[in-house]
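Please read them with the structure open.

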Amino acid sequence: MQGRSRKNFLSSAVILWILIVEMAETTAPPQAESAVQIVYTERPQDEEPESFHLRILSSVLGSEEAAKDALLYSYKTAASGFSAKLTPQQVDEISKQPGVLQVVPSRTLQLHSGHGKLH
């Protein structure tokens with residue numbers, strides 16, 4: 001009889017553990033998804049633009065390696081800035097960095113649309 005009650009106890013413990021894990025997963029806040037952002041910066045004076053952009057990203061992401069992984073493109077000619085995949089929290093943090101002018105979501109726009117117009 002003792003073996004049977006031990007088996008029931010173990011079964012109950014396993015079921016309880018599964019329920020706790022399931023509840024923890026469903027009640028955990030969803031991870032913020034990253035999205036491509038355009039970060040407009042001041043034009044650096046004594047530094048290469050891409051190095052400047054990586055330095056700004058590194059200050060928020062914690063390492064140069066993470067910054068290199070997140071950096072999609074460095075803008076150097078008509079505007080100074082870069083595009084990177086960032087979470088909403090990272091956008092808030094990077095907006096406060098010295099040299100950052102503006103952060104806007106990247107969007108794709110169509111120049112022509114509607115009936116009778118070129119596509």
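1. Salt bridges. Searching the whole structure turns up three salt bridges. The term covers a side-chain nitrogen of Lys or Arg within 4 Å of a carboxyl oxygen of Asp or Glu. This is a predicted model, in which local features need pLDDT of at least 70 and side-chain atom pairs count only at pLDDT 80 or more, while totals for chains, interfaces and linings use all residues. Residues are numbered from 1 along each chain as its sequence is written, and side-chain values use heavy atoms, with hydrogens and water left out.

2. Glu 47 and Arg 55. These two form a salt bridge, with 2.8 Å between the closest N and O atoms. Glu 47 is partly exposed, at 27% relative accessible area. Arg 55 is partly exposed too, at 46%. Here buried means under 20% relative accessible area, exposed means over 50%, and partly exposed lies in between (1.4 Å probe, protein chains only).

3. Glu 50 and Lys 76. The closest N and O atoms of this salt bridge are 3.7 Å apart. Glu 50 lies in helix α2 (residues 49-61), and Lys 76 in the loop between β2 (71-75) and β3 (81-86), so the pair ties together parts 26 residues apart in sequence. Glu 50 is partly exposed at 37%. Lys 76 is partly exposed at 42%. Helices (H or I, at least four residues) and strands (E, at least two) are DSSP runs, numbered from the N terminus.

4. Lys 68 and Glu 64. Their side chains meet in a salt bridge, at 3.4 Å from N to O. Both sit in helix α3 (residues 64-70), four residues apart, so about one helical turn separates them. Lys 68 is partly exposed, with 45% relative accessible area. Glu 64 is partly exposed, with 47%.

5. Nonpolar core. Which residues touch the most other members of the largest nonpolar core? They are Leu 57, Phe 82, Leu 86 and Ile 94, in a core of 16 residues. At least two core residues come from each of α2, α3, β3, α4 (88-95) and β4 (100-105). The largest share, five residues, is supplied by α2. A nonpolar core is a set of buried Ala, Val, Leu, Ile, Met, Phe, Trp, Tyr and Cys residues joined through side-chain atoms within 4.5 Å.

6. Leu 86. Neighbours within four places in sequence are set aside here. Leu 86 is then in contact (heavy atoms within 4.5 Å) with Glu 33, Ser 34, Ala 35, Gln 37, Val 39, Leu 57, Leu 61, Val 91 and Ile 94.

7. Packing of α2 and α4. The two helices pack at about 125 degrees, with their axes 9 Å apart. That makes α2 oblique to α4. Axes are lines fitted to C-alpha atoms, for helices over the stretch in contact, and angles run from 0 to 180 degrees between N-to-C directions. Angles under 35 degrees count as roughly parallel, over 145 as roughly antiparallel, 65 to 115 as roughly perpendicular and the rest as oblique. On the α2 side, Ile 56, Leu 57, Val 60 and Leu 61 meet Gln 90, Glu 93 and Ile 94 of α4.

8. Whole chain. The chain has four helices and four strands. Their order along the sequence is α-β-α-α-β-β-α-β. Of the 119 residues, 24% are buried. Among contacts with a separation of 6 or more, 66% join residues 24 or more positions apart.
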